[in-house]
Amino acid sequence: SNPFEVKVNRQKFDILGRKTKNDVGLPGVSRSKAIKKRNQTLLKEYKEREKTNVFKDKRFGEYNTKITPEEKMIRRFALERQQNYGKKNIYNLNEDEELTHYGQSLAEIEKLNDIVDSDSDTEERGTLSAELTAAHFGGGGGLLRKKVPSEQQDEEEEKPKSRKELIEEMIAKSKQEKQERQTRRESALELTEKLDKDWKEIQTLIARKTPKSERKDKEVEKPKPDEYDMIVRELGFEMKAKPSERLKTEEELAKEEQARLQKLEADRLRRMRGIDEQANKKRPSHMSADDLADGFILDKDDRRLLSYKDGKINIENEEEKEKEEGEEEEEEEGEEEEDDDNEEESQEESASEEGEDGAADSHSDLESDHESEEEAAGNKEEKKHKTNENESQNVEKLDPKSEAAKSELPYTFAVPESYETFKSLLAGRTIEQLLIILERVQKCNHPSLAVGNKAKLEKLFGFLLEYIGELATLDLPELRTIDRLVLPLYNLCQMFPEAASDSIKFILRDAAHDLEEVIEVKGRATFPGLDTLIYLKIISLLFPTSDFWHPVVTPALMYMSQLLTKCRITTLQDVIKGLFICCLFLEYVSLSRRFVPELINFLLGVLHISLPKNQAQGYTVVHPFTPVGKNLELLFVCDKEDLKSWKKQNVPLSILTRLKETSKTEINHIRLSCLALCFDLIKKCAALYESLPSFHEIMHPVRILLTQHVPVNEYPEKMQEWYHSALKELENKVKHYTPLICEKKKPVPLKQYTPKIVKVLEFGRKQAGSKKEQERKQLIQRHKRELKGAIREIRKDNQFLARMQLSEIMERDSARKRKVKELLGSLATQEGEWKAMKRKKWKS
């Protein structure tokens, strides 16, 4: 384009961001304007990036009108002093700080200006005169010259003093200074004595003290101590807290417990064998031939009390005491003979031989080893004969202590390797002994004591579970023993949670497989035995039941729901087992409040089988209960005498094994107790699920059955109370939520023969649409265009700044090159001049 033909409308003021008419259509003009704008904005900001032209008054209180000018000046002065006091740079470790001690600078103290003078103790001690330092430490004659005024300097230069004269002058001067210090010290002492006398005279006027004679006459009333002072004094006499010992680790406690049990077991074995430890301690192991019995100690008090009976000395008591003492001595001697080693016997033989032969001591108190083999063999046979005789005597005379020790439980046990050994270990034991044995097994084989103890104790958990199952399957199940064994089972579960969960999951897996196999073969299943029910109860005690998902509790919940839905109710035992599982369900979901439809269905079925046949109409019953059949009236009681004699009682699990032996009245009472338990469970379910949105719809069948079909008037008064409490709990719940309703949908139209029109899109052309859709597309297109323009402008700005930086770098480099060339040229000229001067010297 011809620049003479371009018409530019100049603006009076340039406003950034405003577009003008001449910005469009002329690329050269727009580009020059863009560069001009960048020079005015970006370049200016780039050059002034490290400059500040704004001054702000940051003095304290400058813009605060609530503070007076005097307060402003005081605060400013304090801040200024504080800034000067602190370190200028907190990261500068070499910065010197003025450290003080009692107001004096440590730097001045470290100069050691107060050196002690040996001649005097005055304030001027430690100072040396200039002449003395010059004479002794000068190191030359020049330092011995005294500094004199400028007027006398010429005369002294003419007449220099000798060394002797200078020393004499120094001595005289030092004596004079010493005399002056002495006079000042004496004058100071006189002044202090005078001040002391004056103070004593004035002291009586300031605070008059009554003499002792007057004090006796006048009783001075002491001020009574305040309550606060008394409390403070009491606190001073209180015992202060002492640091307690640190808590021991689990490993340390296990080691201590193991050592304690091992010591107790050793004591028990010693008592069982009849060995007296104190006698062994008192009896010396070896008596030397040169021993003078210096360490003789009286073991017993042989003094006897003088007693009279009927005017005569009581001699019988003394004789009885002597007999008892003799028997004790004989027993001790027998034990000593059993426990004596071969060395001690050989020592006695050697000692007797030495006594008979009168031979001198062979510098040893022990038996010599020069016996012949025949003598040694004969001695062994004699020893065996003696030991056999002693053993026979001990068998005849059994010590009661050894019998008691034999009856005691051992203190140390090894972990059984198999279930048979575990069962034999617990056979014939009481409940307390079982708990003690299991506790000692755990303590003696703690995992921290040895490497393989962990695997052994993990097996012990499985053995204990199997043992509990056997106790539950007996004809008379030992439920009390099972209840007490849950505690060691819980302790093992806390120590080894993974092994415990694996063991219980294995039991649940087997029970579930058995249930499925029975259903596949027979089409129906029965409730499991008492052992499985007890395992389900133990699971709730060992593991958390409030988790959303748990590897043990969740399978247990699934298994219990299958039992309530797939096991048919044919006997009263099935009803009791089903109610037990319902109680377990409520225990499992008491914290999580999880809805269990199988529980509500089973309770509804229990109410159904408690009605007579003629009233079992007008409602629906879900499997495993049937509306008709021979098992319909399992809980129905029509005997009026049994109804009157019934009392509310719990239904224990042990009754499952005794139902065949009970009478008809007892069975009716059990049926009524099951019905009362059903009412109680309905009440608990209503309290648990009251917050559910569909609570009224869930409990609606139960409410209808209770209000319209249950014959309340025929039940005892106590049963009626349970019935009304359950019904009241159901009816008093307010309906907080709307019931669940299916969503209303348009009816599906019938198929017609109208053609199906499919819209074909033409790419590259804008498709027509609604107004909102078109506006939306326009906004999207504008957004894209603005985004592209912004990206382009940012890229151009970065390029502009890069060009400016490059130009600065090029200018700095060119200036540096120019200076380097100038320096090199000057150096070359200097070198040439120096060479020329050198040549002239050589020529000359």
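This is a predicted model: local features need pLDDT of at least 70, side-chain atom pairs count only at pLDDT 80 or more; totals for chains, interfaces and linings use all residues.
The crossing of helix H21 and helix H22 is left-handed, a word used when the near helix is turned anticlockwise from the far one by less than a right angle, with right-handed kept for clockwise. H21 covers residues 530-542 and H22 covers residues 553-566, and their axes come within 11 Å and cross at roughly 140°; helices here are DSSP runs of H or I with at least four residues, numbered from the N terminus, and axes are lines fitted to C-alpha atoms over the stretch in contact, with angles from 0 to 180 degrees between N-to-C directions. That makes H21 oblique to H22, because angles under 35 degrees count as roughly parallel, over 145 as roughly antiparallel, 65 to 115 as roughly perpendicular and the rest as oblique.

On the H21 side the contact (heavy atoms within 4.5 Å) is made by Thr532, Leu536 and Ile539, and on the H22 side by Val553, Ala556, Tyr559, Met560 and Leu563. These residues divide into 7 nonpolar, 1 polar and no charged, where Ala, Val, Leu, Ile, Met, Phe, Trp, Tyr, Cys and Pro count as nonpolar, Asp, Glu, Lys and Arg as charged, and the others, Gly among them, as polar.

Residues are numbered from 1 along each chain as its sequence is written, and side-chain values use heavy atoms, with hydrogens and water left out.

How many disulfides does the structure hold? There are 0, a disulfide being a pair of cysteine sulfur atoms within 2.5 Å. Cys674 is in no disulfide, and its nearest cysteine sulfur, that of Cys678, is 9.5 Å away. The sulfur of Cys678 is in turn 8.0 Å from the closest cysteine sulfur, in Cys582, which is too far for a bond. Cys674 is buried at a relative accessible area of 1%, and Cys678 is buried at 0% (buried means under 20%, exposed over 50%, partly exposed in between, with a 1.4 Å probe and protein chains only).

Finally, Asn668 lies in helix H26, residues 664-688, and counts as buried at 4% relative accessibility. Leaving aside residues up to four places away in sequence, Asn668 touches Val637, Asp639 and Asp642.

Definitions and conventions: Helices (H or I, at least four residues) and strands (E, at least two) are DSSP runs, numbered from the N terminus.
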